[in-house]
Amino acid sequence: MLQRIRRAPPRYWLVGVVVLFFIGFPTVISSFLASEWAQALILAIAIMGLNILVGYSGQLSLGHGAFMALGAYTSAILAHRFKMDLVATIPIAGLLTGMVGFVFGIPALRLSALYLALATFALAVVTPSLIKRPAELTGGVQGIILTQPDPPAFAQSAYGFLTGTAMTSDQWIYYICLFCALILLWFAWNLVRHRPGRAMRAIRDGEVAAAASGVNIAGYKTLAFGISAFYAGIAGALFALAAGFVSPDTFPVSLSIQLLVGAVVGGLASIPGPLLGAVFAYFLPIESSQWVPNQSWIPDQIASTVKNAGPAVTYGAILILIMIFAPNGIVGLLHRGYVALNRRLRGAADRETGQMPPNPQTV
Amino acid sequence: MGRNPARLAAAAAFLVTLGACGGNPAPAPQTDVGITSNSILLGTTNALSGPAAAYGTIANAENAYFTYINGQGGVNGRKITFKIYDDAYNPAQTVPLTKQLVEQDQVFATFSGLGTQDQTSVRDYLNSKKVPQLFVATGATTFNKDFSSNPWTLGWQPPYQGESRIYAKDILQNHPNAKIGVLYQNDDYGQDYLKGLTDGLGASASLIVDKESFDVTAASPAAQLAKLKAANADTVFLFATPKPAVQSLVIITALHWTPTIYLNSVSNPQIYMAAAKKNGAALANVTSVSYIKDPTDPQWASDSGMQQYKTIIASCSTCKPDDGFNIYGVAVAYTMVDVLKQAGTNMTRKNAMDIAANRLNETNPFLLPGIKVKTTSSDHFAIMQEQVITWNGTGWTLQGSIIDERGTLK
């Protein structure tokens, strides 16, 4: 065991440090900030799922907000109408959404990239209207209000022992989100490094070649859809838990776009990418709309315009910059920087003989 | 003893400074979170961007009024600071932003948060934290009606049901043989209006010959209006938010149809009427109601309340003085300041809520003469009076006298 730990490659240590950081984080920040980071983790889960679909299997989806809505409403209805424990509804919401996603993946097989994008986009557009219809079940436009759970006794005492303060329900929800995110991250990691992941990448890079090598194209494509929807469903259920409220307007079309932006900015076809992408997609709009109006050096007229145009202006500008300077997302940029640094440290001698860095698009 | 006198002096100075920093040694019992000896912190969420960004100016107008009050020395020596966050009319953003106001910024109260869904999404949270959710900017009846179960939440403007009860009264008085067709938005907003109309007509509810609903995301309500015309309605009610309401006014003319039109007050600001006219609406026989002075109406040109409004709004560089939403913002901010003034030295959240729910009794210089903002221990609807207005081609004309529906909603 010790041997194995000692021989672990450095990136495993990095993973350990990051996990410890996320576990300890809420003990040093306010309960409110913990609730914001919980939201970012939820986005990270949804983006992770989208990344499996878009980044690894090469199918575009502009409708993942709809799968999140399904997960959120499944969880909310189970908790509100059938008095189930909110936390216990999370896996059910994930599985149900996963099944729906799997079924949706079957007609998607017949659609090529652009048409698939349109079909999923339509799904995102109709979802808010669809939710309003069975008003007795979904609460119609008024939505469903959920009571956030208090932390259980064991969490209370553990947290109290470590920090000496009482745990709030926002902090408890953060840990639930973190737990789900870690499990799903580990699952995604394993998935993409084994047979299904290789098959998906083969399909993405050349469908005909993959079929010739004996990859079950239809099977893996629908599987990718199903798994991806499963992630979105879990994210949706956590979303309902963290917000304490679901309504049709909670899942606008822009949510689906936000998820795709997060996936691309973080870095497609990478495992840490979704985490970075989620932090970007969640915090940048908030920060840009609150930061700009407080800067006295920006002329009033411009500040008020930016404020009224919302975060869109800053958000758009930064997005364009990232796409120009880091076309492979933040992870691609970090990787390029790491490789360049490594070369310089090793010197010119083994510049040509050094091990080839893995292409971020395929790892 | 050999004590160093310099050190002693320093220690004394330190103690004096410490005492000064501590302020009054007797703890002041009558303040609360968000209140200091010279400031009051309020916060709001509004739609500065997104699909309902037209409402965003309300928050800026409210801020203009608070700035005006601060310029006069504030409320009992305390200046009001107003935090405005943009939730883009999306409840998913209202939740974290409201948490930010309460937990990070530590506001005394949230004031005039916009939107029915948005404010519903945080109502439980604010009530569980016992933070006042005062004068929400929505007319959904629930915000005043359910005061007993949500004692930290109150609305201000006339509730939608109260408004349509006033229409019902007008119908029974002036058009007792009307054949009514109702076009309503298929959500809580439209249904609230419809319920008020049906309840208000009471035994005469059979005057309604047809009612058609449309979805707010639908492209246009043309098919529904054609059905209402085919049902031989001669009076049509438009219970719709501005965009579909403007479309409906245009479509009615395009159908060569000339019914009497009742337009809900949410969609009656001048800018929307102008948009309808520009797109070909005839705008004949349009009736609505109002409770606020219209900044474009020449009869208020020399009115002291209107002149005060013009002074206040001039300090907001992005606010258009003619926009009805701005005078709404100033008027509701007036009531907020009234609550704070009444609270006097007892500046607690509980006392502010108590005043807002039970002891409002005032005329507001920005509302039509005779309209009172009033609450009692048994009636928590602040404004329950409105006056019928008709469109004269270029503006609204006040008709008759104020109709009072106080006490009809419980």
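A residue is buried if 20 or more other C-beta atoms lie within 10 Å of its own, exposed if 12 or fewer, and partly exposed in between, with C-beta atoms placed from the backbone.

The model is predicted: local features need pLDDT of at least 70, side-chain atom pairs count only at pLDDT 80 or more, and totals for chains, interfaces and linings use all residues. Residues are numbered from 1 along each chain as its sequence is written, while chains are lettered from A and ligands numbered from 1 in the order in which they are written.

Entry 1: Helices (H or I, at least four residues) and strands (E, at least two) are DSSP runs, numbered from the N terminus. From chain B, the core draws at least three residues from each of domain 1 (35-158 + 298-377) and domain 2 (161-290 + 390-404). I then looked up L238(A), leaving aside its neighbours within four places in sequence, and its contacts are I42(A), I45(A), I90(A), I176(A), C177(A) and C180(A). Two residues are in contact if their C-beta atoms, placed from the backbone, lie within 7 Å.

**Entry 2: a covered helix in chain A.** I turned to helix α10 (residues 195-205) of chain A, where eight of the eleven residues are buried. The buried residues are P196(A), G197(A), A199(A), M200(A), R201(A), A202(A), I203(A) and R204(A). Their cover includes α3 (31-56), α9 (169-193), α11 (207-212) and α12 (217-243) of chain A.

**Entry 3: where the chains touch.** I recorded 29 residues from chain A and 27 residues from chain B in the contact. On the side of chain A, α3, α6 (113-132) and α15 (300-308) each supply at least two residues.

**Entry 4: chain B as a whole.** I counted 13 helices and 16 strands in chain B. Its C-alpha atoms fill a box of roughly 105 × 45 × 35 Å, taken along the principal axes. Of the 410 residues in chain B, 53% are buried. Among contacts in chain B between residues at least 6 apart in sequence, 69% join residues at least 24 apart.

Chain B is divided into domain 1 and domain 2, with bounds from an automatic or database domain assignment. The C-alpha centres of these two domains of chain B lie 29 Å apart. Eleven residues of domain 1 are in contact with eleven residues of domain 2. The domain 1 side of this contact has five nonpolar, four polar and two charged residues.

**Entry 5: two helices of chain B.** I examined helix α11 (residues 304-313) and helix α12 (residues 324-343) of chain B, whose axes come within 11 Å and cross at roughly 100°. Axes are lines fitted to C-alpha atoms, for helices over the stretch in contact, and angles run from 0 to 180 degrees between N-to-C directions. α11(B) and α12(B) are therefore roughly perpendicular to each other, a term for angles of 65 to 115 degrees. The contact joins Y309(B), I312(B) and I313(B) of α11(B) to N326(B), I327(B) and V330(B) of α12(B). Five of the contact residues are nonpolar, one is polar and none is charged.

Entry 6: I located I208(B) in strand β8 (residues 208-214) of chain B. I208(B) counts as buried because it has 20 C-beta neighbours inside 10 Å. Leaving aside neighbours within four places in sequence, I208(B) is in contact with I180(B) and V182(B).

I also looked up two positive phi values. H256(B), not a glycine, has phi near 55° and is found in the loop between α9 (242-254) and β10 (260-263) of chain B. With 8 C-beta neighbours inside 10 Å, H256(B) counts as exposed. L283(B), also not a glycine, has a positive phi of about 55° and is found in the loop between α10 (270-278) and β11 (286-290) of chain B. With 19 C-beta neighbours inside 10 Å, L283(B) counts as partly exposed.

Technical notes
Angles under 35 degrees count as roughly parallel, over 145 as roughly antiparallel, 65 to 115 as roughly perpendicular and the rest as oblique. Ala, Val, Leu, Ile, Met, Phe, Trp, Tyr, Cys and Pro count as nonpolar, Asp, Glu, Lys and Arg as charged, and the others, Gly among them, as polar.
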